[in-house]
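The structure is shown first.

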Amino acid sequence: MSLNSNKPQKLYYSIKEVAKMIGVNESTLRYWETEFPNLKPKTVSSTRVRQYTERDIEDLKVIYNLIKVRGFKIAAARKYMRQNRAAVDRTSEVLDTLIGVRDELKEIKNRLDRLV
């Protein structure tokens, strides 16, 4: 039996882990939760610890793309997500792919520089 490498490693991620993944402060994530109604991480009632799912992380990547990369204001990003969700998801996927390609090209360049 082989392992399925496409499965997420964890079901839930802490706010600290997610902030590091996205590249923003924890306070920014908490603020975005108040501004985007679709972003509601699970909260453990006894400890009040936020637990983000893979879906929450994907939503945060889209929000990050709209606000930080494309320069949308919060209200415009919220409206754009509500009206054009499919287009936003595709754009986010393309951006993730391009970032991955850029990182691979940087690594190849570094290896070539070491050979010279």
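## Salt bridges and pocket

E26 is partly exposed, at 30% relative accessibility. The model is a predicted one. E26 pairs with R30 in a salt bridge, with 4.0 Å between the closest N and O atoms. R30 is also partly exposed, its relative accessible area being 35%. Both residues belong to helix α2 (residues 26-35) and are 4 residues apart, about one turn of the helix.

Helix α2 also holds E35, whereas R78 is in helix α4 (residues 74-83), so this pair ties together parts that lie 43 residues apart in sequence. E35 is partly exposed at 21% relative accessibility, and R78 is partly exposed at 24%.

In helix α5, K109 and D113 are 4 residues apart, about one helical turn. They form a salt bridge, and D113 is partly exposed, with a relative accessible area of 42%. E107, R111 and R114 are linked in a network of salt bridges. The count of salt bridges comes to 9; three of the pairs are tabulated here.

| Salt bridge | N to O distance |
|---|---|
| E26 and R30 | 4.0 Å |
| K109 and D113 | 2.8 Å |

The largest pocket has a volume of about 160 Å³. Its lining has 10 residues, with I22, K61, Y64, D96 and I99 nearest the centre. By class, the lining comprises 6 nonpolar, 2 polar and 2 charged residues. Helices α1 (15-22), α3 (54-69) and α5 (85-115) each contribute at least two residues to this lining.

Definitions and conventions. Residues are numbered from 1 along each chain as its sequence is written. This is a predicted model: local features need pLDDT of at least 70, side-chain atom pairs count only at pLDDT 80 or more; totals for chains, interfaces and linings use all residues. Side-chain values use heavy atoms; hydrogens and water are left out. On a 1 Å grid over the protein atoms alone, a cavity is a set of points where a 1.4 Å probe fits but cannot get out, and a pocket is an open set with protein on both sides within 12 Å along at least five of seven lines; lining residues have an atom within 4 Å of a point. Grid points are joined across faces, edges and corners, and a volume is the space filled by probe spheres set on the points. Ala, Val, Leu, Ile, Met, Phe, Trp, Tyr, Cys and Pro count as nonpolar, Asp, Glu, Lys and Arg as charged, and the others, Gly among them, as polar. A salt bridge is a side-chain nitrogen of Lys or Arg within 4 Å of a carboxyl oxygen of Asp or Glu. Buried means under 20% relative accessible area, exposed over 50%, partly exposed in between (1.4 Å probe, protein chains only).
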